[in-house]
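Please look over the structure shown here before reading the briefing, which is arranged by topic.

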Amino acid sequence: MTTHGTPGSGRLPEHAQRLDWAKLAPEAYKAMVRLDTVARQGVEPTLLNLVKIRASQLNRCAFCLDMHSKDALASGESAERIIQLAAWTESRHFYTAKEIAAIELTEAVTVLTDGFVPDEVYARAANEFNETELARLIVAITTINAWNRFGVSTRMVPGHHTPSGR
């Protein structure tokens with residue numbers, strides 16, 4: 001039972017979504033869904049969940065954090081690894097070398113304030129993934145960043161996602 005923002009729950013009320021971009025721009029939404037479907041292909045599901053959660057943390061997209069954390073838990077990911085993801089540089093021992101390379105690449109692609117993805121970050125990812133896997137990983141990272149931007153700019157409301165069991 002959901003209690004966020006309901007009378008008597010002690011929690012603050014939910015904010016309103018600014019606009020329903022999926023309803024107002026249905027062709028763009030459908031294109032994003034198609035891109036998301038393609039972005040999942042060839043990326044190991046556990047790794048994809050970590051990428052989606054980490055990008056969503058960096059972008060402060062509460063809607064996507066809610067969704068992808070719940071999906072990861074439903075698919076068997078540990079709460080411990082999800083919790084530690086925000087501090088992965090201090091808790092590398094929770095992850096594989098391949099996962100660390102993907103998380104590091106996710107951060108570099110997500111936070112482009114330095115203007116580029118550093119060569120050493122790219123090289124570590126290229127060492128863990130073949131070229132096809134790396135291309136697919138970059139597509140997945142770019143896709144979650146696009147979703148995050150829709151979520152943050154329209155203030156999509158977190159807390160109502162139920163994992164589909166994918």
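The model is a predicted one, and it holds five aromatic pairs, of which one is described below.

**Start of helix α8**
- Helix α8 spans residues 131–154 and includes Glu131, a residue that counts as exposed because its relative accessibility is 73%.
- Between Glu131 and Gln84 there are 28 Å from C-alpha to C-alpha, while in sequence the two are 47 residues apart.

**Packing of α3 against α8**
- Helix α3, made up of residues 45–59, packs with α8 at an angle of about 40 degrees, and the two axes are 9 Å apart; the two helices are therefore oblique to each other, and their crossing is right-handed.
- On the α3 side the contact is made by Leu48, Val51, Lys52, Ala55, Ser56 and Asn59, which meet Leu137, Ala140, Ile141, Ile144, Asn145, Asn148, Arg149 and Val152 of α8.
- Sorted by class, this contact of α3 with α8 has eight nonpolar, four polar and two charged residues.

- Among the five aromatic pairs is that of Tyr29 and Trp147, whose ring centres are 5.9 Å apart and whose planes stand at 75 degrees, so the pair is edge-to-face.
- Because Tyr29 lies in helix α2 (residues 26–40) and Trp147 in helix α8, the pair ties together parts that are 118 residues apart in sequence.
- Tyr29 counts as partly exposed at 33% relative accessibility, whereas Trp147, at 16%, counts as buried.
- Both residues belong to one aromatic cluster, formed by Trp21, Tyr29, Trp147 and Phe150.

Terms used:
Residues are numbered from 1 along each chain as its sequence is written. This is a predicted model: local features need pLDDT of at least 70, side-chain atom pairs count only at pLDDT 80 or more; totals for chains, interfaces and linings use all residues. Side-chain values use heavy atoms; hydrogens and water are left out. Helices (H or I, at least four residues) and strands (E, at least two) are DSSP runs, numbered from the N terminus. Buried means under 20% relative accessible area, exposed over 50%, partly exposed in between (1.4 Å probe, protein chains only). Rings of Phe, Tyr and Trp (its six-membered ring) pair if their centres lie within 6.5 Å; planes under 30 degrees apart count as stacked, over 60 as edge-to-face and the rest as tilted. Axes are lines fitted to C-alpha atoms, for helices over the stretch in contact, and angles run from 0 to 180 degrees between N-to-C directions. Angles under 35 degrees count as roughly parallel, over 145 as roughly antiparallel, 65 to 115 as roughly perpendicular and the rest as oblique. A crossing is left-handed if the near helix is turned anticlockwise from the far one by less than a right angle, and right-handed if clockwise. Contact means heavy atoms within 4.5 Å. Ala, Val, Leu, Ile, Met, Phe, Trp, Tyr, Cys and Pro count as nonpolar, Asp, Glu, Lys and Arg as charged, and the others, Gly among them, as polar.
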